[in-house]
Amino acid sequence: NVYVAGASAGAVVTYTRAADGTLTYLGCVKDVGAAVVCADAAEGLSAPQYLAVSPDGKNVYASGGGADNAVVTLNRDPATGALTTGGCWRDTGSAANCGGNNAPALQGAEGVTVSSDGRNVYAVAQGDNSINTFARDAGTGALAYVSCISVAPIGCASAFTTSFSAPRALTSSTDGKGLYAWVPQKKGPPKKQAEFNRRLAHERP
């Protein structure tokens with residue numbers, strides 16, 4: 001399968017992929033307020049921009065800012081690859097109805113990644129200049145908020161000691177030991193990369 005985040009449409013689109021690479025449209029999941037026609041609707045998808053597939057293939061995670069500022073869990077059918085809604089976490093005060101799942105530093109949610117062991121999901125937020133950590137249920141893929149690191153004191157237990165402004169993308173190492181965030185530069189080199197060590201003891205609820 002191939003998955004595409006449609007920020008302007010407020011949807012995540014699924015394609016099946018043939019052996020020769022040819023794509024065929026399979027379906028989509030839209031935000032509850034989006035005008036597009038999809039088989040399923042989910043809270044938190046007003047402007048999805050980044051996607052991450054779990055190593056076990058059970059879930060796709062979508063993150064984006066817009067009105068929702070959320071990280072959304074989508075359940076993946078192992079036979080077809082089709083997606084259905086599985087819950088969300090929103091920035092405190094955003095428009096998404098995530099059933100009380102509020103996190104303090106998801107304003108302007110951007111890049112999202114799943115650790116190689118499948119235990120955690122991480123998301124950066126450029127509005128809050130933060131990295132957010134979630135614990136992932138191995139059976140259902142559901143997320144539980146653990147903690148965040150931010151530049152400003154906005155409810156995170158930890159603060160950055162170096163510049164970390166408007167992060168956009170995030171990836172995890174294959175050995176599960178590190179995270180790498182892409183931070184645009186206003187001057188000088190076009191981009192820089194911030195490296196973080198992953199401390200497993202701190203990443204469970």
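Which residue in S2 is the bridge partner of Tyr 3? In this predicted model, that partner is Thr 14.

S5 runs antiparallel to strand S6 (residues 59-64), and five bridges join them. Within S6, Ser 63 is the residue that stands opposite Tyr 50.

**Asp 128 in its loop**

Asp 128 sits in the loop between strand S11 (120-125) and strand S12 (130-136). Its relative accessibility is 14%, so Asp 128 counts as buried. Leaving aside residues up to four places away in sequence, Asp 128 touches several others, including Asp 91, Pro 104, Ser 150 and Ile 154. Leu 106 and Gln 107 are also among its contacts, and the Asp 128 side chain reaches the backbone nitrogen of each: at 3.3 Å for Leu 106 and at 2.9 Å for Gln 107. The C-alpha atoms of Asp 128 and Ala 166 are 7.6 Å apart, although 38 residues separate the two along the chain.

**Aromatic pairs**

The model has four aromatic pairs. Two of them are set out here.

| Ring pair | Distance between centres | Angle between planes | Geometry |
|---|---|---|---|
| Tyr 15 and Tyr 25 | 6.1 Å | 75° | edge-to-face |
| Phe 134 and Tyr 145 | 5.9 Å | 70° | edge-to-face |

Tyr 15 in strand S2 and Tyr 25 in strand S3 (residues 23-31) are 10 residues apart, and their pair links distant parts of the chain. Tyr 15 is partly exposed at 25% relative accessibility, and Tyr 25 is partly exposed at 49%.

Phe 134 lies in strand S12 and Tyr 145 in strand S13 (residues 143-150), so their pair ties together parts 11 residues apart in sequence. Phe 134 is buried, with a relative accessible area of 0%. Ring pairs also bring in Trp 89, which forms a cluster with Phe 134 and Tyr 145.

Definitions and conventions:
Residues numbered from 1 in each chain as written. Predicted model: local features only at pLDDT ≥ 70, side-chain atom pairs only at ≥ 80, totals over all residues. Heavy atoms only, no water. Pairing = 2+ DSSP bridges. Helix = DSSP H or I, 4+ residues; strand = E, 2+ residues; numbered from the N terminus. Buried < 20%, exposed > 50% of the residue type's maximum accessible area, 1.4 Å probe, protein only. Contact = heavy atoms within 4.5 Å. Polar contact = N/O pair within 3.5 Å; in protein donor to acceptor, adjacent residues only side chain to side chain. Phe/Tyr/Trp six-rings, centres within 6.5 Å; stacked < 30°, edge-to-face > 60°.
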